[in-house]
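My entries follow in the order in which I checked things.

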Amino acid sequence: MARKAQFDMQQFFQALGDNTRLRLLNLMGEQEVCVCYFVEILGSPQPKISRHLAYMRNAGIVSARREGKWMHYRIVMPPHLGATQILRQTLDWLKEEKAMQADRARLTKACCSPAKYDLDGAPLPTAVPEECCEAS
């Protein structure tokens with residue numbers, strides 16, 4: 001009988017304790033986003049972005065999906081109710097921050113004219129069905 005892995009509270013809080021990871025969560029919001037948009041909006045190298053996304057995936061708050069050469073990421077709610085509440089409150093808080101709003105505005109602008117941002121051919125962010133964001 002397989003035991004369910006225990007939720008790692010320390011890793012969860014460490015995942016939320018980095019500004020780059022908070023910016024990534026803010027950009028994902030309720031949508032699934034291709035890594036290439038994160039690289040463009042944050043102006044960070046792809047390996048650095050991927051390292052942060054892997055950290056959040058290991059913490060259980062982000063999932064990844066490959067589509068051809070594109071990697072798409074979305075927020076998933078952790079299996080712990082308290083962590084889910086904290087993550088939801090954090091995401092709401094991020095929406096109120098000016099710097100985070102500026103990141104989201106740049107994402108919207110990049111989605112409207114991908115060729116200008118060297119994102120021609122990149123898949124646009126897509127809305128995530130609400131049931132994907134519910135706690136298990």
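**Entry 1: Arg-74**

I found Arg-74 in strand β3, residues 70-75. Helices (H or I, at least four residues) and strands (E, at least two) are DSSP runs, numbered from the N terminus. I am working on a predicted model, where local features need pLDDT of at least 70, side-chain atom pairs count only at pLDDT 80 or more, and totals for chains, interfaces and linings use all residues. Residues are numbered from 1 along each chain as its sequence is written, and side-chain values use heavy atoms, with hydrogens and water left out.

Is Arg-74 buried or exposed? Its relative accessibility is 17%, so I put it down as buried. Buried means under 20% relative accessible area, exposed over 50%, and partly exposed in between (1.4 Å probe, protein chains only). I also noted a polar contact of 3.2 Å between the side chains of Arg-74 and Glu-32. A polar contact is a pair of N or O atoms within 3.5 Å; within protein, one must be able to donate a hydrogen and the other to accept it, and residues adjacent in sequence count only if both atoms are side-chain atoms.

**Entry 2: the sheet**

I traced an open sheet of 4 strands in the order β2-β3-β1-β4, with antiparallel pairing. Its edge strands are β2 and β4 (126-127), each pairing on one side only. Two strands pair if DSSP finds at least two bridges between them.

Strand β2 (residues 62-67) runs antiparallel to β3 and is joined to it by 6 bridges. On β3, Tyr-73 faces Ala-64 as its opposite residue. The hairpin of β2 and β3 has 2 residues between the strands, and there Gly-68 takes a positive phi near 65 degrees. β3 also pairs with strand β1 (residues 31-34), antiparallel, over 2 bridges. I found Cys-34 opposite His-72 in β3.

**Entry 3: α5 and α6**

How do the axes of helix α5 (residues 81-96) and helix α6 (residues 98-112) cross? They come within 5 Å and cross at roughly 85 degrees. Axes are lines fitted to C-alpha atoms, for helices over the stretch in contact, and angles run from 0 to 180 degrees between N-to-C directions. α5 and α6 are therefore roughly perpendicular to each other (65 to 115 degrees). I listed Leu-94, Lys-95 and Glu-96 of α5 and Lys-98, Met-100, Gln-101 and Arg-104 of α6 as making the contact, which means heavy atoms within 4.5 Å.

**Entry 4: whole chain**

I counted 6 helices and 4 strands in the chain. Buried residues make up 41% of its 136 residues.

Terms used: Parallel < 35°, antiparallel > 145°, perpendicular 65-115°, else oblique.
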